[in-house]
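Open the structure in your viewer and get ready to select residues.

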Amino acid sequence: MSIDYKEPYVIAEIGCNHMGQMDIAKELIETAATFCKVDAVKFQKRCNRELLTKEQYDAPHPNPANSYGSTYGEHREFLEFTVEQHAELKAFCEEKGIVYSTSVWDLTSAKEIASLKPEFIKIPSACNNHYEMLRWLCQNYNGEIQISFGMTTHAEEEAIVKLFEEEGRAKDLTVYCCTSGYPVPMKDVCLLEITRLRETYGSRVKRIGFSGHHNGIAIDVAALTLGAEVFERHYTLDRTWKGTDHAASLEPDGLRRLKRNLAQTYDALSYKSEEILPIEQVQRDKLKYRKHD
C-alpha cells in the first residue's frame, strides 16, 4: 500500500503539566506557538467524582512525592481547570494563533469541552472503550475526534472504528499508534504498528497518527516515513518539575526541533521530478567525468 504523505501536524500535549496554574498554562501555550511553532496544544479534562470510584478517590497517591493533595482525588482536583478556565485558554490560543484542544476522560467532561466547539477532541487510550461517551460525541459534536489505541486489542480497535462507521463519523476519526508507558523504551515503541493501522484502517478513517511517550525525537521522523500524519508529544517547560508526566515530556527546544525535523523530512519525501535536477545540472556540467576522444 503506497503512502500519500501529508504535511505533518504536531500537537503539544500539555496535559496537566501546568500544575494547576493558569499562568504556567498560558506560558506553555505562548511558547508552543511562538518558539516551537507547533500546530496545536492539548489539555486534559476530568470529572474526578465520575471517573474514579470512592476507593480510588480517597486512596493516597501511588507516588506521594508527585502528589498535589492528601488523596489521589484531591491531587486530581488540584490539577483540574473549570470549563470557564478552558474557555479562557481556548481564547488565549486563538490570540496566539495556535489550535486549542483537550482530551476528555468521562461523559461530563466530553459535554463541557464540546460546548466550547474546539477543532478536535481527543479520547485517551484509557477511555477508548467508553462507548457511551464515544456515541454522544459522534451525535453531538461536529469536530474531528482523535483516539489513541494504546493498551487496546485488535478486536477492541475494530469495535471502535465500527462504532464510528455506524454513526457516520469514521471520516472524522484520527486513530493513533500508541504504547501506553511513561516513558516507553524503544523496543516497546513498535513503530510498525503504524503500517498495520494504515493497512487496516487507512481507507476507513480520516488519518493515522503517532502518540509517542518515548525519549528523544528521532523515532517520530521514522513514524512519518511509515505514514503517520499527526504527531502528539507530551510537553513541559521543565522536565524536573513535580509530577509524573514531566520526565516523559519534551522541553521547548526539543519540541521546536521535532517540528522542524518533521517538516524537513516531509519536504524531502519525494522522487526526483527529472533524472537530472536543475541543482545537479550545474554540478554535472562542472564535475561530471566525460571521456574526450
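In the counts below, Ala, Val, Leu, Ile, Met, Phe, Trp, Tyr, Cys and Pro are nonpolar, Asp, Glu, Lys and Arg are charged, and the others, Gly among them, are polar. The model is predicted: local features need pLDDT of at least 70, side-chain atom pairs count only at pLDDT 80 or more, and totals for chains, interfaces and linings use all residues. Numbering runs from 1 along each chain as its sequence is written, and side-chain values use heavy atoms, without hydrogens or water.

**Stop one: the largest pocket.** On a 1 Å grid over the protein atoms alone, a pocket is an open set of points with protein on both sides within 12 Å along at least five of seven lines, whereas a cavity is a set where a 1.4 Å probe fits but cannot get out; lining residues have an atom within 4 Å of a point. Select Q44, R46, W105, Y182 and D245, which lie nearest the centre of the largest pocket among its 36 lining residues. Its volume is about 680 Å³. The lining holds 13 nonpolar, 15 polar and 8 charged residues. Now colour α4, which gives the most to this lining, with 3 residues.

**Stop two: the second largest pocket.** Select D4, R198, G202, G227 and E229, the nearest to its centre of 16 lining residues. The lining splits into 7 nonpolar, 3 polar and 6 charged.

**Stop three: the cavity.** A search of the whole structure finds 1 cavity of 30 Å³ or more. Select C177, C178, T179, V184, V189, F210, S211, G212, H213 and H214 to show the lining of the largest cavity.

Terms used: Points joined across faces, edges and corners; volume = space filled by probe spheres on them. Helix = DSSP H or I, 4+ residues; strand = E, 2+ residues; numbered from the N terminus.
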